[in-house]
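Please consult the sequence and structure shown below while reading.

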Amino acid sequence: MASLAAPMPGLLRTITAQTTHTITRNPNRFKSIPFNPPFLRFFPLTPLRNSSGISEAAAHALRGRDDRNFSESVKQILEIAKRASSRRDILHTDFLTPPALKEAMSVLEKLADVKAIAQGGYPQAERCRLSVGHPDVMTVAPDVIAALSIRGNFEYEPCSHGDFLGAILGTGIVRDKLGDILLQSDGGAHVVVVPELVDFLVSALDKVGNVSVSCEGIPLLALEYEPPRTKSFKTIEASLRVDALASAGFKISRSKLVDLISSGDVRINWTPVAKNGATLKTGDLVSVSGKGRLKIGEISQTKKGKYAVELIRYL
């Protein structure tokens with residue numbers, strides 16, 4: 001592919017659509033990939049008598065949700081699945097957050113004649129692209145993700161995940177075209193992207209923070225992933241409310257946490273928190289813009305009726 005001087009049409013921030021409607025009439029155009037490599041997730045779907053139940057399935061999945069953007073995303077995925085099944089095509093979404101992928105799959109399982117594959121590049125990937133198609137057509141995994149290596153001298157100016165993300169978005173690319181960003185031990189990063197952006201980023205991304213960088217495409221199997229560093233500690237709280245546990249976990253005042261919730265900067269399992277009184281449970285992931293992420297560990301009650309909560313802070 002020739003080097004691009006500017007992002008390809010449809011990849012700039014002016015695009016607001018949540019999904020990419022790439023139609024592939026001939027599945028043989030895709031590069032053949034081993035049918036079940038470890039970085040793919042396959043979802044066998046249970047057939048119905050027909051696919052006319054898509055509206056009912058969508059309504060069931062979206063019932064009670066307040067996040068309009070999330071609902072629209074799932075609806076668009078369902079429409080893609082419907083077209084893929086009726087036309088016997090293969091269609092793809094952009095990178096989805098884990099809850100969007102989970103909710104979409106819960107609905108797709110109820111549709112007939114649809115096969116779905118989620119790809120994020122490595123086994124623990126959070127952001128994945130979803131490919132849907134008729135089982136007779138999608139016989140191999142579509143080649144819809146690629147990887148980049150970003151290198152530079154970060155010894156004296158280490159850069160964070162946010163620094164890499166900001167630098168990439170600064171080239172004019174929308175977030176939905178990017179998968180996970182994996183920080184490397186040498187200070188660089190491996191990035192999962194849509195394939196059509198590889199050449200553009202190689203030519204356009206030359207700096208992260210104040211560090212000059214170089215980019216090159218790498219095979220997906222070359223992605224290096226290290227489990228995130230964490231720090232665990234316990235707190236005793238009167239309730240399991242998000243404002244109580246998050247303020248303890250991030251070491252900020254409860255009033256400040258409430259302000260962050262009001263401004264939409266707090267999420268539970270990637271979904272914006274609507275009320276500071278929302279309760280948490282073991283396994284929930286709380287993220288605060290500019291502060292990082294916090295996982296709720298084991299919860300037990302004390303003799304005085306309070307809650308002893310294990311908090312796992314991602315460093």
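## Overview

The model is predicted. It contains seven helices and 15 strands. Of the 315 residues of the protein, 46% count as buried. Among contacts between residues at least 6 apart in sequence, 66% join residues at least 24 apart.

## The five-strand sheet

Five strands form an open sheet in the order β6-β7-β5-β9-β8, with antiparallel pairing. Because β6 and β8 stand at the edges with a single partner strand each, one side of each is left without a neighbour in the sheet.

Within this sheet, β5 pairs with strand β9 (residues 211–218) in the antiparallel sense, over six bridges.

Helix α4 lies across β5, β6, β7 and β8.

The buried residues of α4 (residues 161–169) are Phe164, Leu165, Ala167, Ile168 and Leu169. Their cover includes the strands β5 (146–152), β6 (178–183), β7 (189–193) and β8 (207–208), together with the helix α5 (198–204).

## The six-strand sheet

A further open sheet has six strands in the order β10-β15-β14-β13-β11-β12, and its pairing is antiparallel. Its edge strands are β10 (230–237) and β12 (271–272), each of which pairs on one side only.

Inside this sheet, strand β13 (residues 285–288) and strand β14 (residues 292–301) run antiparallel and are joined by four bridges. Leu285 stands opposite Lys295 in β14.

## The α6–α7 contact

How do the axes of helix α6 (residues 242–250) and helix α7 (residues 254–262) cross, and at what angle? They come within 9 Å and cross at roughly 115°, which makes α6 roughly perpendicular to α7. The crossing of the two helices is right-handed.

On the α6 side, the contact is made by Val242, Asp243, Ala244, Ala246 and Ser247; α7 contributes Arg254, Leu257, Val258 and Ile261. By class, the contact of α6 with α7 has six nonpolar, one polar and two charged residues.

Definitions and conventions
Residues numbered from 1 in each chain as written. Predicted model: local features only at pLDDT ≥ 70, side-chain atom pairs only at ≥ 80, totals over all residues. Heavy atoms only, no water. Buried < 20%, exposed > 50% of the residue type's maximum accessible area, 1.4 Å probe, protein only. Contact = heavy atoms within 4.5 Å. Axes fitted to C-alpha atoms, helices over the stretch in contact; angles between N-to-C directions. Parallel < 35°, antiparallel > 145°, perpendicular 65-115°, else oblique. Left-handed = near helix turned anticlockwise from the far one by under 90°. Nonpolar A, V, L, I, M, F, W, Y, C, P; charged D, E, K, R; others polar. Pairing = 2+ DSSP bridges.
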